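How can the arrangement of two aromatic rings be put into words? A pair of aromatic rings is described by the distance of the centres and the angle of the planes.

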Amino acid sequence: MKKIIFAFAVLACALSFSACNKKVEAGEFTVEKGKFKVGMEIGYPPMEYYDADGKTPVGFDIELGKAVSAKLGLEVEFVDTAWDGIFAGLETQKYDVVMSAATITPERLQSMEFSKPYVGNGQTIVVKSDSGFKPASPKDLEGKIVAYQAETTSDIFMEKQAQAGLKFTPAEFDKVINAYDELKLGRCDAVVSDALVYANYANDPAFTSTWVGEADEFFGVAIRKGNSVLLEKVNAALDEMIADGTMKALYLKVFGSDLSDTIK
Amino acid sequence: MSIIKTENIDVSFGDLHVLKGVSLTVEPKEVVCIIGPSGAGKSTFLRTLNHLEKIDTGKIFVDDKLLDDYENGKINFKVTKKERAKILLEMGMVFQRFNLFPHKTVLENVMIAPVHVKKQSKEEAKKRALDLLERVGLKDKANEYPNRLSGGQQQRVAIARALAMEPKIMLFDEPTSALDPELVGEVLNVMKGLAKDGMTMIVVTHEMAFAREVANRVLFMESGAIVEEGSPEEIFTKPKSERLQQFLKSVL
Amino acid sequence: MTSLQKIIGWIPALLEGAKITILLTLTSVAAGIVIGLFLSLGKMSKKQILKKLCGAYIFFFRGTPLLMQLYFLYFGLPKIFPMLTLRSKFLAAFIAFSLNSGAYMAEYIRAAIQSIDKGQKEASHALGFNYWQTMGLIIVPQSIRRLIPSIGNEFIMILKDASLVSLIALEDITKVTRSIASSSGNELVYIPAMILYLIITAVFSVVFNRTEKKFSVYE
């Protein structure tokens, strides 16, 4: 019995020491030495999602994360996190950055840093191709059931529409995939999502995008406020990638077209 | 015509041979008391009559109609379910622990079976129930719940409840064994009244005075068999078997 | 705007969510009791097939997470059998929660029924009641009193489990709260939300206590 207690005590000490190591020491710019930890909500194709095997993360943000960490000379680690509270994880140092199709907004800039934009995005309205419903603008969504992912820019976009007087029935899902499921099953009239997400479904003949808004949203890498060292390094890495064509190659690989113009 | 006749009833609970070839015939208006030590199988025998216990071997006749015929656990003769239900209605039972329905009032307890089983109208059932409660001396408790009554009162209600179904024969399974001594009398009095009115009764009991006074016939059972049988006079004053003599010595 | 003003501003939305939460809880537990009653009778039956089927149902619904059951019913089934696409989110939630609650209630009911004195069955038999009369008039009514604490518990559990419906975009208290929190960037809304849950729980508890007292008149 005493041996067990002793073993537990040793284990507890060891664990508390390793927890200490997680705190950023002076001069260190990552929460864990040698590692570049990236927080993301893996379930947002084509930016970050699981491959057919159900466990390998793939997507644009994954490619970006790998490229940036290579430039920084660090080992990349992806931390799957629920979108609800993902930015809080920066504060509590669960990871170094958030690369999760995170839009740079003035509200968010009040509590965290953002790198320069790495791709531009707009909202799009998607419908079922055979439904006969063809909204040419957000106004055509009047009286319809609209599905989108909660707490994203799509959510904010629809809220703005509602405040401007548009009346519609919202269906707010935790994951964007569910919103598209809902559309396919005919339980909503339209999906509003990031145009980049739609890029993933564009090949599916069941869906059609009938309206694309201005690419006025920009995705950036979110970094804990005050970690200026990492911010500088990430920005430098992004500049390099744009200059040496790595970024263009990634656009083509994931989206099928060169989106360099979106961040000019 | 006998009301109940059993032939060689044999019952085993696993390895325990509880009833060994019990045969009994009860004529109308007869009061038969069964006495004997605990574990003799008295209650078990009583309960085979109305199918609360299953028999392995033996025959049971009610009103000279064959009800059950078993041989080593297999049925030789089966009466239809409907027939069986009808026949079982001829028997009423009063339990040692009364078994009144606690969530119903006294009156409801007495009415409930006639209404649901005999499909009597509520008014008719109520009238008869009140008459029966009067007969057992508890009309004033009609709207009480059983938990407000003493043991003796509850048992009298139980008797009224069984009588409400107008059975041909009443089976009493140690009706006073769970009662405080001072409450035994009121129940025995009701039973005496029933006997006087000509009800056929089989009573398993430890109340020897009652048996002596009221029974037409007394059976002494021990270890699953009827050891001796006779009139109360014979059984109590001239016991023939040694075991009965010993038993009487120990209880009287 | 002061915090209090903000909170007051959120109350209408929270109350709308409360309607869904309470309605879902009440209907699911009620349906669960009915389902549970038949399941428990089935499990106590002498017919082997019935016994095994009921046992399997109970095993499945108690052995898998409610979250999965809800998700599978709403998203999984329609993909396999398009005919089974449920249009109404509330209906889907109601079905999933009822089926689940039924499995748990079955065990509570079985325990309550089996706790009723054997003598009650014997007296019923001696009076000529058939199985259904015995159950319906004598056994089940007496079981109800013993069930009240369990039913009360189940209400309170489902009340909280109802928050899972955000998965299918049904706007219950929790979903409304999260929406407000993220769009206003203010976690303050969790306070009135939790107080709302507490009030509902307290009301349920009082009702159940009163009911329990009422039923104990005869015991």
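This is a predicted model: local features need pLDDT of at least 70, side-chain atom pairs count only at pLDDT 80 or more; totals for chains, interfaces and linings use all residues.

Residues are numbered from 1 along each chain as its sequence is written, chains are lettered from A and ligands numbered from 1 in the order in which they are written, and side-chain values use heavy atoms, without hydrogens and water.

Rings of Phe, Tyr and Trp (its six-membered ring) pair if their centres lie within 6.5 Å; planes under 30 degrees apart count as stacked, over 60 as edge-to-face and the rest as tilted. By this rule there are 19 aromatic pairs over all chains. In one of them, the ring centres of Phe60(A) and Tyr251(A) are 5.8 Å apart and the planes stand at 5°, so this pair is stacked. Phe60(A) and Tyr251(A) also belong to one aromatic cluster, together with Tyr118(A), Phe219(A) and Phe255(A).

Phe60(A) is buried (under 20% relative accessible area, where exposed is over 50% and partly exposed lies in between, with a 1.4 Å probe and protein chains only), its relative accessible area being 0%. Tyr251(A) is likewise buried, at 0%. In chain C, the rings of Phe155(C) and Phe204(C) form a tilted pair, because their centres are 5.0 Å apart and their planes are at 40°.

A charge sits over a ring if NZ of Lys or CZ of Arg is within 6 Å of the ring centre and within 35 degrees of the ring normal.

| Charged residue | Ring | Distance to ring centre |
|---|---|---|
| Lys144(A) | Phe133(A) | 4.7 Å |
| Arg161(B) | Phe101(B) | 4.5 Å |
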